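Please look over the sequence and the structure shown here before reading the notes on surface charge and aromatic contacts.

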Amino acid sequence: MRFEVLGPLAVLGSGGAVDLGPPKARALLAVLLRRPGRVVAGDVLVEALWGDDPPKSAAKNVQAYVHQLRRRLGDPGRIVHQHSGYLLRAGRDELDVARFDDLVEAARAVEAGGEPERASDLLRDALALWRGEAYSGMADIPIVAAEAARLAEARLSALAQRVDVDIRLGRHAELVGELTALAGEHPLREWIWAQLMLALYRCGRRADALQAYLRARDALVEQIGLEPGRELRDLHEAILTGAPFLDLPAAPGATGARITAPWEPDSPVAAAPRMLPGDIGDFTGYDAELTGIDAVLRGDRAPDRPTSVVAVTGEGGIGKTTVAVRAAHRLRTAYPGGQLFAALGGARSTAADPYEVLGRFLRALGMPDAAVPGNEDERAAAYRSLLADRRVLVVLDDARDERQVERLLPGSGTCAVIVTGRPRLGGLAGAHRIDLGGLPDADGEALLRTIAGRGRIEAEPAETKRLLELCAGLPLALRIVGSQLATRPHWKVGDLVARLADPRHRLDGLRHRGLEVRASFGLGYGALAAPARRLFRLLGLLDTPDFPVWTAAALVNTTPPTAQDLLDDLVDVRLLRVTISSAVGGVRYGFHELVRIYARERAEVEEPAESRRAALARARTCPPIRAAG
C-alpha cells in the first residue's frame, strides 16, 4: 500500500486507488500522515476536524471515522488507539514523503562523494514524486496546511540543490527556461534570480543577466518594500565587472591560478545569512533579561577570545524563544556578518542532529552543497573556518543538552551565541545564564491589553486580576487567553474566567489555533523515562505547595536516593521546581500551578484508581503532607 501526500491525498492499494470516504475521514487520515508511527492526541484530531467549535459527539465521531478508515484500508491494524490518541502504522517504503526525503539525502551523499551527475538524477527522481501542492485541497485545516508549507519548503530546497548541481555541471543553457518560469512563480526567492543571472551570464547573455537583476529588484521593492540582499547585489556588481569566478570552473585536474569561491569569507559575494524568525510585535516584559543579554553580547571582542554565549533557560511556555529572538533582533546591527538560527527541537523525541544543522548553516553561509563535507568533524571545522573573523550571531533554540550544542559553537571571539533550552545547560563553559521566571501581573496585564485591547481589559479589573491568577504568569497561557478575547469580541473577561475556573478543565480552555499549554508540558513529560513519568503524575495528586524527597519516595514506594534521581530528572526538564534549599530545611520541590493540573490529569488518565489510592496512602505516612482524596 502507498500513502501519497505530495499532491492530493491518495492511498493506492493492490486494486488501485482506495476510496477514503467522506471529507472528514480524509482529513483525519491527513493529520495522522503528518507523523506516521507517532500518536496524535484525540483533542488534536477534534480541533483539526471541527476547529474551535466541535460538536458534543466529536470524540465518538472520531472513533467512527477511524473505524471507516480501517475498513476502507482493509487492515484494522493500520490505525491503532494509544494514550488517548491514534497513530497510523506505515513503513517508509509506503510513504511518498519518506521516499522523497531518502532520495534527497542520497543525492547529498553521492554529491559529497564526487558524483554530481548521479546527484542530479536522484534529485530529479525525488522531485518527480510531486503531483502538485502537498495535501492539495486541505488548506482549511491549519495543522495540515502547516505541514504542507513545510513540505513546500523542502521541495524548493531540493530544487535549489538540483539547480546548483546542474549549473556546476555546465547545464546552464537548459536551465534558463526553467529558472525564468520559477522566478515568475516565486519572485521573492532571491536564490532563483541569482541562479538565473549566473546561467544567463554563462550563456553569453550578459545584458539579459543584468535585466534579470532589475526585474528581481522591481519585484522585491514593489511587493515587500526591500532592496535585494547583499548576495544578489554583489552578484550584479560581479556581472557588471565580468568577475572571473563567474565563469564555468575548469575541468578537474586543470592547472592555473585558484579563483576564490563565492562562498568563501574573502569573496566579494560571501553570504551574510539572515535566518532569524520575525520579531514579536506585541512582546512584553523581560526588560532586565534583555538588557543583560545586550550587555554580554554587544561590543567588540578579539578573534582569539572565547565566543560569548548566553543561555536562556526556563520551563515550557515561559517565553525562551521569544526572548532570544527579540534579543537577537536588537543585536542585528552589532553582527553585520549575519544571523544563523536553528530550532533544535530538544524537548521533542526527534531532536535535530548537529550534523544536519551544520549542513544547513554551511549552505546558509554560501557553501555549495557539493562542497559541504560528509563528515561531522569536517563540517564543524569548515563552519568554524567560515566564521573566523566574521561578526555573526548564532541563535540555537530549544537545546536538549550541551552535547547537541557544542559542535554548533563558533571558534572565534568575534561571534556570539544565544542558546535556549529547558535544562539549565550548566556544562556550557563560560556561558552567561539567564533563567526566566513567570511574568509579573503588571507585565501580564500589559500583554493582555496589547493583544485584546486596552478598553476590554480595563473595563473588568477584578476579572482581569483573576484571569492573571489562573494563568499563573505563564506567557504562553496569557497569549492564548489574549488571543481568545481578540478573536471573540462578544466574550467578556469574566466569561473566560468562568471557563477556566474549574482546574479539571482549565487546560482544555488554554488552547487556541495551534497554541496549547497542555502540549507544551507534554513535550517535557514525553521525554522522561517511565519511572520519572510515574512519579510526576503521582506528585500531581498531592495537595500541598511543596514536598520533600521522602514524600516522593513514598509515592512510588522506592528509596530516597532513587527518588532523588527521579526528582532531578523532573527538575531538568522543568516540570518541577526547587522551592526551598537550605541546610536546615533541606530541599523541597513544588509545581507551577498549571503543571500541577497537568500532572494530576495524567494521573487520572494513566494510573489505575487502586494505584492512586495506594500511593496516597503511603504519602499520608509522611506528615505534614496532605494528599488530595
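The report below takes up a charged surface patch and then the aromatic pairs of this predicted model.

## A patch of negative charge

On the surface, E115, E117, D121 and D125 gather in a patch of negative charge. One of these residues, E117, lies in helix α5, which covers residues 116-128. With a relative accessibility of 43%, E117 counts as partly exposed, because that class lies between the limits of 20% for buried and 50% for exposed residues.

## Aromatic pairs across the chain

Nine aromatic pairs are found when the whole structure is searched. Among them is the pair of F100 and W130, which is edge-to-face, with 5.7 Å from centre to centre and 80° between the planes. This pair links distant parts of the chain, since F100 belongs to helix α4 (residues 96-112) while W130 sits in the loop between α5 and α6 (142-168), 30 residues apart. Both F100 and W130 are buried.

The pair of F361 and Y383 is stacked, because the ring centres are 5.8 Å apart and the planes stand at 25°, where an angle under 30 degrees counts as stacked. F361 lies in helix α13 (residues 354-364) and Y383 in helix α14 (residues 376-387), so the pair ties together parts that are 22 residues apart in sequence. F361 is buried, at a relative accessible area of 1%, and Y383 likewise counts as buried, at 0% relative accessibility.

## An aromatic cluster

One aromatic cluster is formed by F521, Y525, F536, F547, F591 and Y598.

Terms used: Residues are numbered from 1 along each chain as its sequence is written. This is a predicted model: local features need pLDDT of at least 70, side-chain atom pairs count only at pLDDT 80 or more; totals for chains, interfaces and linings use all residues. Side-chain values use heavy atoms; hydrogens and water are left out. Patches are made of residues with over 30% relative accessible area and no salt bridge: like charges are joined within 9 Å, nonpolar side chains (Val, Leu, Ile, Met, Phe, Trp, Tyr) within 5 Å. Accessible areas come from the Shrake-Rupley method with a 1.4 Å probe; for residues, only the protein chains shown count as cover. A salt bridge is a side-chain nitrogen of Lys or Arg within 4 Å of a carboxyl oxygen of Asp or Glu. Lys and Arg count as positive and Asp and Glu as negative; His and the chain ends are not counted. The place of a charge is taken as NZ of Lys, CZ of Arg, CG of Asp or CD of Glu. Helices (H or I, at least four residues) and strands (E, at least two) are DSSP runs, numbered from the N terminus. Buried means under 20% relative accessible area, exposed over 50%, partly exposed in between (1.4 Å probe, protein chains only). Rings of Phe, Tyr and Trp (its six-membered ring) pair if their centres lie within 6.5 Å; planes under 30 degrees apart count as stacked, over 60 as edge-to-face and the rest as tilted.
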